[in-house]
Every structure is written in structure tokens, then in C-alpha cells.
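Good morning, and thank you for coming. Please look at the structure on the screen while I go through its contacts and its surface.

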Amino acid sequence: MSTPYPFTAIVGQDDLRLALLLNAVSPAVGGVLVRGEKGTAKSTAVRALSTLIPEVAVVSGCRFSCDPGLPDPACPDGPHEPGGGLARAARTVELPVGASEDRLVGALDIERALAEGVKAFEPGLLAEAHRGILYVDEVNLLHDHLVDLLLDAAAMGASYVEREGVSVRHAARFLLVGTMNPEEGELRPQLLDRFGLTVEVAASREPDQRVEVVRRRLAYDDDPAAFAGRWAETEAALRERIVAARALLGGVRLGDGALRQIAATCAAFEVDGMRADIVMARTATALAAWAGRADVTSEDVRQAALLALPHRRRRNPFDAPGLDEDKLDETLEEFGDDDPEPDPGPEGPGSGGGQPPQDGPGTPPDAGGGQDDPSVPPQEAPLPPAPVGAEQQAVRAAEPFRTKMLTVPGLGEGAAGRRSRARTEHGRTTGARRPRGALTKLHLAATVQAAAPHQRARGRSGRGLVVRRDDLRQATREGREGNLVLFVVDASGSMAARQRMSAVKGAVLSLLLDAYQRRDKVGLITFRGKEAEVALPPTSSVDAAAARLELLPTGGRTPLAAGLLKAHDVLRVERMRDPARRPLLVVVTDGRATAAGSQAGTTRSGAAGPGGRVRVPGAHGDAVALASRAARLHAAEGTAAVVVDCESGPVRLGLAGELARDLGGTAVTLDELRADSIAGLVRDVTATGRAA
């Protein structure tokens, strides 16, 4: 077994280490969500924490880690007699992004259940993580139904597996740690709320600290055992402190004054529901126990708010997590008259609100895999460079609105989502088939129907049905998939006329919000002047697309063909990367085309310039004809498309409608895009150019 990196050897990352230690002291806090860039010691810290958690006593031979002093009466391996058992280290179990539902919650052998009446259950990762740590890297990339199962188990302390009337329940209490890179997409606010604490991490920008990180990492890689030995004393001291804090936790007093501060803080920041109040109370209590104090102070409440509230303040997907510390201090001061006098812990007044230890014996060189200086605020990843040559300043987007649901026709097989119809593992049952590989979803009626004609030949004598493997039928199900929604936005001078760009940005922002809620990937292409540019390559981060849209200026001629041809190139590459994810092309324009290429018969986008731009040489060709031919390229490949017609005024040319016909899609006006318009609630983008 490899030697884990010492927790106390991690450089910086005070908030991350403190949040993990508070959960080690009080698992009821509800886990930690760590947001930030890669290479910032997230995994290192989580794996190192498991060595600090005291050993757990388990029933010998129990696959579900039952406590011999209080065994679970419903344990599938039970019943167990109290007493005995053995001690082992707490486990750190990692949930891969591509894990299946059966791998997470466990699998029932349906064949044995039908043929033998036996509940043959193979435990999953939730059972393995019981009384330990469950670490989910890139939790924002997990399918929604897996995240729901995971957080339900964390909240209830138990996992339930149901398969065709056969059910198994087992205890599943664990310290949940999730990590994510916001650039790869956000978690839904409802799921964010289920994590007790959240911290933002980033690599230090301080050269001396980065040097220390590298020095310690190299020392660890050269000789892990010797490096860990140099930190053994501080590791043991920290382990003892966790044990002492756990023992003190039950005796910590949360007074009425602290409770009023907690309630007032949650109310002042308009946090939904009561979970935030409860988490803050548990966190403040754990902070006091960690500092060795018997009473919760205002500083504990303040620190608890900074850890428990930032991710609960998001009102929409484009809000950045955060907390106004000046407002927090004002609220605590206003409601802090009844605070008890701080009771210095065993380490004296300087032990404070629980900052974890930083340095060990002789401050040996540390190695943490890219840790952070807590004094440096998290750095945002830079956006791609803004389009150059802007003729008009960027305008703010109008207020977003709820849009109609645009869907791709037919039946797909892409990643689970909420937009277009698809064959999925979850959804309504539409039929049955022979299983390919392991049986996951039994179609009971089809299985019985397949087995019934053979009962006499199989010598059936009792009431039970004699079932063979060939009789088993897999249920086929239909649900919804996520799509790639590629926006092609006209940023030319015609869009700036009559202040249309504000309304256009509001419409695109509304569609981005809809894409976020439906778990789509999104991309953004803009065109103006003589070129088209990929402002944002296809990504799961709708936030990045919204930020890029906000900076979009307008001006110049309208190279519509360049935008469509660039979209064709992007979709061609994405089809090779992810063939199962079907695209939806959304062209936002008034349909005018005033810049074109000089080559007749051009069917390709031409040479790509710096920054992913596509230039269409010349501006005197037949711009409309070239745009029409570019649109027909998409139609020939069956790309679902919709044109958002931005034309306004008393005289309308109807060019967007002609473009939609060339694309084989449909056109909607800005008004028709609204879900509350009288044009209908659902619109399918079809290859014949009409709404289904």
C-alpha cells in the first residue's frame, strides 16, 4: 500500500483544510464542495485526511462495515451479534465520473431472485464508503440521477436499492467531499445546497510559496516513507486534536445569542429554506470544539457563514458564489449583544477559530501538488480574447425570460439531459429486448412471457416459475438527452440599429439559461466585419458563454456565410469527438448578408486565421447566395436548426425566414421565443422547416 501524503505537509489552502477537519470532527456538517482549478491539492488533501480519522471497529466479515457495538438490524449480511469485531482504518472511496448506478448503490441479481427467491446483492461504493470518506472528483460532470442518489444517501444515512419489487437497504453514513472546476459547468443550485460547506481554491501566485510546494512534492516523490516520517509527529498531534474535539463536541453550548446571529445572517443574505441555518449551527459548534472551547462565539458564527453560505446565495446559474463580508460583519454586530465571553481553549487565547496547523517539525519542505496562498483571492480563468475592431461599445443584455423548449427531432442516444427524446437508462418503459451484457433493468412481463411456454419441458412442479437466462428481457426506456446547442450570433452593424442588440443579448442569455437547466453543452460563434470567430468552443460551462456574450461588441458588415461555415467546421469536429451528442444550431440574425467570398461555388469555410477566425475573402461577391449555400450544407447533414429572427420595424424583408428554409429548420421571432407567447409551448426543429 502506498504511503499517503501527510495532511500537515500541505502548503496553504487553509479554508480547504479547515473545512475537511470540521467534517472530520462533526460529519453532521454535511460534507464539503471544493471549487477551483486543477492541481490545487484537492485530491491530496482528501486522501491525506483519511489517515487522520480514528480507526473504526467493524463486524468481521460484514461487507457493510457494521459497528459491532451497535450493528445495523437491517444489514443485508446480518443479523449480527453485538460485541467482538476488529479495527481498521477509515476508507477513502473514490467515485469515478463514468460510474454506473449499480456501481454506486449496488446491484441485485434479478435472475437468482426470480429463479431461487434469493436476494443476492453486490454492494456498491456507498456501502464501501460507510463510516469513511466518499470522494467525488468532478461532481459537476456526474449525471443528475447519480448526484441525486448520492446526496439522498448522504442526507438519510442509508441507501435503498429497488429492482422490480425486490429491495435492499443498508446504512451509508460517510464524509462526502466533491470537487469541481467551474469552467467545466456548474452544479444546479438545488444540488449545491445539499453540500454543507464550500471552499474556493486556486494555486498560489506567490513565488516563495510555489517554490515550497515544489520542494516538498519532490521530496515526497523521492522517498514517500521518509518524507512521511518527518511529519509523523505533527500528524499524530493533529489526530489527537480531532479525537479531543469529537469528545468535546457534545458539550459545546450554542447560546441564544449565537443562534440569533445565525438566523439573522441567513435572513440578511436571503438564503432559501432552513438548511443553511442548521449547517451554520453545526459548523459553528464544530469550530468551537476544534478550538477547544465550550461556547460558540461570534467569530465561530462568522467563520461558519463564510464556509456555509456562499454557494447558497446563487439566484440563477450566472451568479458567482460569494459573500459580502462587510454586510456579514454589520449583521453580526447588530445581533451580537448577547455573545458569551470567549472561553480560551486548552491552547490559550491564540488558538482562535480553528485554523489548521501549517508547519511541522523544523518546517520541512512541503509538497502538496499545487497548493494555494489563502491571502490571494481565487483567480478567474481568462476568457478568450474579445473580437477586435469593435465599432460600437458592448451593450448590456436585456432581462432574460423563460423560453420555449427547442428540441432535436427523432430519437437520440446521447448523454442524459432534459431536452430531446432519447433512449436512456431512466425514463418511461417503451419495450423489451434481450440484454446485451449484464441485465440492469428487468422487463418483468416480457420475461414471464418468454419463460411461460417452457415450464412443462423444464419440469416445473411447484408454484414457482422456472426461469433461464435466455428468458430474461431488458426493459428499453425513453427519456431525455442533452444536446450541443451552438449559437451563431450576428454582431454586425445592422444588429446595433434601433438598439436591437440589447434585446438580442437578452434572448441569447435566456436560451443559455434554458441550456443550463437542460444539461446541454453550448458553443458561441460571432460574425461581423469580414470574419467569423469562435468566441467560445463547445463546453459545459454556460457561465463562460454568458460572460463572453456580455463583452460582445457590434459593428461592421454582415458575413453571414462565414458564420454558417464556421459553425459547419465546429460541428464536424464535435461529431468526431462525441458522435452520440446531437447538435442544435441556433442562428441569431436578421438574415441580412452584406459581406461574401469572391470564389463562386465555395463550399468550405476557407483558411482559418489566428484565434480560430474564418475569413471570407472579398466583400463584393454574392453574399446572399453564398449564405444560402452555406446553410444548405447544414441541411444536407441533417443538422437541426432554428433561426431567431431579430428583424424589427414596420418594413420586414423576411430574410431570416428564407435562411431557415435553406437550413431545413424553422424561424421564430424574438416575441415567439418567449414561453408565454400564444405561438405554443414546444417547438421541434424539423428538417422540413415546420414546427412539429
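A salt bridge is a side-chain nitrogen of Lys or Arg within 4 Å of a carboxyl oxygen of Asp or Glu. Please keep in mind that this is a predicted model. By that definition, the side chains of Arg169 and Asp72 meet in a salt bridge, at 3.0 Å from N to O. This pair links distant parts of the chain, 97 residues apart: Arg169 is in strand 9, and Asp72 is in the loop between strand 2 and strand 3. Arg169 counts as partly exposed because its relative accessibility is 28%. Asp72, with a relative accessible area of 14%, is buried.

How many salt bridges does the structure hold? There are 26 salt bridges. One of them joins Arg35 and Glu200, whose closest N and O atoms are 2.6 Å apart. Because Arg35 lies in strand 1 and Glu200 in strand 11, the pair ties together parts that are 165 residues apart in sequence. Arg35 is buried, at a relative accessible area of 4%, while Glu200, at 35% relative accessibility, counts as partly exposed.

A further salt bridge is formed by Arg293 and Asp300, with the closest N and O atoms 2.7 Å apart. Both of these residues, Arg293 and Asp300, are buried.

Let us turn to the aromatic residues. The structure holds four aromatic pairs. In one of them, the ring centres of Phe227 and Trp231 are 6.3 Å apart and the planes stand at 45 degrees, so this pair is tilted. Are Phe227 and Trp231 buried or exposed? Both Phe227 and Trp231 are buried. Ring pairs also join these two residues with Tyr5 and Tyr220 in a cluster.

Next comes the backbone. Most residues other than glycine have a negative phi. Glu138, however, has a positive phi, near 55 degrees, and is placed in the loop between strand 7 and helix 6. Arg519 also has a positive phi, near 65 degrees, and lies in the loop between helix 17 and strand 17. Arg519 counts as buried because its relative accessibility is 18%, and the cut-off for buried is under 20%.

Finally, the surface. Asp324, Asp326, Glu330, Glu333 and Glu334 gather there in a patch of negative charge.

Notes: Residues are numbered from 1 along each chain as its sequence is written. This is a predicted model: local features need pLDDT of at least 70, side-chain atom pairs count only at pLDDT 80 or more; totals for chains, interfaces and linings use all residues. Side-chain values use heavy atoms; hydrogens and water are left out. Patches are made of residues with over 30% relative accessible area and no salt bridge: like charges are joined within 9 Å, nonpolar side chains (Val, Leu, Ile, Met, Phe, Trp, Tyr) within 5 Å. Accessible areas come from the Shrake-Rupley method with a 1.4 Å probe; for residues, only the protein chains shown count as cover. Lys and Arg count as positive and Asp and Glu as negative; His and the chain ends are not counted. The place of a charge is taken as NZ of Lys, CZ of Arg, CG of Asp or CD of Glu. Rings of Phe, Tyr and Trp (its six-membered ring) pair if their centres lie within 6.5 Å; planes under 30 degrees apart count as stacked, over 60 as edge-to-face and the rest as tilted. Buried means under 20% relative accessible area, exposed over 50%, partly exposed in between (1.4 Å probe, protein chains only). Helices (H or I, at least four residues) and strands (E, at least two) are DSSP runs, numbered from the N terminus.
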